[in-house]
Amino acid sequence: MKKEIKLLALDLDGTLLTDNNQITEATKRSIQEAIEKGIHVLFATGRGLQTSAQYIEELGLKGPMVFANGAEIWKNPKEVWKRTFIDKNDLIRLCNLSAEKNARFWAYNVESLIRSDAWGSDMFQKEWLKFGISSTNPTILQEMKETIKGWGTLEVTQSHPTNLEITVKGITKESAISEVCGLLSIEMEEVMAIGDSMNDYYLISAVGLGVAMGNAIDEIIRVADTSTDTNEQDGVAKAINRYLLHC
């Protein structure tokens, strides 16, 4: 018999958010009811705090949060628990590789999201949580992915078919949620996670109940325990109602 779910981990893009970056009223109501039931609700997102804060405020969430695919963990909205930064030498290699392949890139530090067109040499003096590379050429993207993995020091995943998202080796949404579980004295079997992309893969594989969005990629659908509707059709609300509120 499966354990009772005590924590709900939500991806943002393609999951909680509609294609217009909105949270539907039905989803807000379901999340509020889950919170009132005593379930911890948090984000496990590739975004940084800078582009997630408005949704935390909108939902009135007070507990832990996972950003930058696990590179930044907050104990609560006011207190950082842990940050894992990319080594400077790896950062230089990532920038050089992007330039070599004529690919755009972006990166999250503690304060901001910086894109390649605003990148300068002074950026190497900052500490970076996550590095992203985008290319519409699948062959080039695959070549970069294999190159980066070959270095052996970095984790490479994707939140979209045209991008790569890079953190320190071993840093994933799964590793971060495992830490949050330790903070809250919750087991991974007591977690329900909902997502749609490869950066959700390890987390959805590891939790007690992994839910694939109706718009999820095939790899996520295969590894998930169950599925729900799309992000445009209140998929998160429907999953919460069915598995957490039993209505």
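So, Cys181 is buried, with a relative accessible area of 3%. Buried here means under 20% relative accessible area, exposed means over 50%, and partly exposed is in between, using a 1.4 Å probe and protein chains only. Cys95 is buried too, at 8%. And disulfides? A search of the whole structure finds zero of them, a disulfide being a pair of cysteine sulfur atoms within 2.5 Å.

Quick word on the source: this is a predicted model, where local features need pLDDT of at least 70, side-chain atom pairs count only at pLDDT 80 or more, and totals for chains, interfaces and linings use all residues. Residues are numbered from 1 along each chain as its sequence is written, and side-chain values use heavy atoms, with hydrogens and water left out.

Okay, the sheet. Five strands make an open sheet in the order β7-β6-β8-β10-β9, with antiparallel pairing. Strands (E, at least two residues) and helices (H or I, at least four) are DSSP runs, numbered from the N terminus, and strands pair if DSSP finds at least two bridges between them. β7 (113-115) and β9 (154-157) are at the edges with a single partner strand each, so one side of each has no neighbour in the sheet.

Look inside: β6 (104-109) and β8 (128-134) pair over six bridges, and Arg104 sits opposite Ser134 in β8.

Now the helices. α4 (88-100) lies across β6, β8, β9 and β10, at about 15° to β8. α5 (138-151) packs on the sheet as well, touching β8, β9 and β10, and makes about 10° with β10. Contact is heavy atoms within 4.5 Å; angles run from 0 to 180 degrees between N-to-C directions of axes fitted to C-alpha atoms, for helices over the stretch in contact.
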